[in-house]
Every structure is written in C-alpha cells, then in structure tokens.
Amino acid sequence: MKIAVLCGRYPYSGAGVIARESAEGLSRRHEVTFLHGGESDSDRREGALRVISLRVPPAEELGMAHLYWSPAL
C-alpha cells in the first residue's frame, strides 16, 4: 500500500512531529512518503521512509495566496 503523510513546516510543530513518527511507523510495513514544508526543496530516503521537503517562504513573506496556491507545490 502506498501512503503519503502531509504536514506543514516540520519539525516546528507538535503535530508535525507526530505526523513524522506516524510515517516512520507505517513505513515498516508500507511504502510511505512524508511531505513537509521547509527551508529548501529536497527528496531523500531515510531508511524505508521517503522524505520530500518543499520550500515554503518564511512566515513574514507569506501572503493569502499561499493558503491556496504555492509555486513550490
């Protein structure tokens, strides 16, 4: 089974940490990708878990448009 776990800016929120831990646990038995916002774009493997980071502008640069559409996504 393929599973994608999405979260906002990891690891800056408690929910993001829980999402990451859940993704790691699921990756032991399934094909899991963890997608999160961060400071730069990257696509890497961490053990069985695929981790994709998408650059999200700093909070002070975010506008209303980023709530609905982001070129990084």
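What follows is a short chat about this predicted model.

Q: Confidence to begin with. What's the mean pLDDT of the protein chain?
A: The mean is 82. Of the chain's residues, 78% reach 70 or more.

Q: And where is confidence lowest and highest in the protein chain?
A: Strand 1, residues 2-9, is lowest, at a mean of 87. Strand 3, residues 42-46, is highest, at 96.

Q: OK, Ser-27. Where does it lie?
A: Ser-27 is in the loop between helix 1 (14-26) and strand 2 (31-38).

Q: Is Ser-27 buried or exposed?
A: Buried. Its relative accessibility is 11%, and the cut-off for buried is under 20%, so Ser-27 counts as such.

Q: What does the Ser-27 side chain reach?
A: The backbone oxygen of Glu-24, at 2.7 Å.

Q: Which residues does Ser-27 contact, beyond four places in sequence?
A: Val-32, Ala-48 and Leu-49.

Q: Switching to Leu-26. Which element is that in?
A: Leu-26 lies in helix 1.

Q: Last one. How far apart are Leu-26 and Leu-49, in sequence and in space?
A: They are 23 residues apart in sequence. C-alpha to C-alpha, Leu-26 and Leu-49 are 8.9 Å apart.

Conventions
Residues numbered from 1 in each chain as written. Predicted model: local features only at pLDDT ≥ 70, side-chain atom pairs only at ≥ 80, totals over all residues. Heavy atoms only, no water. Helix = DSSP H or I, 4+ residues; strand = E, 2+ residues; numbered from the N terminus. Buried < 20%, exposed > 50% of the residue type's maximum accessible area, 1.4 Å probe, protein only. Polar contact = N/O pair within 3.5 Å; in protein donor to acceptor, adjacent residues only side chain to side chain. Contact = heavy atoms within 4.5 Å. pLDDT = per-residue confidence, 0-100.
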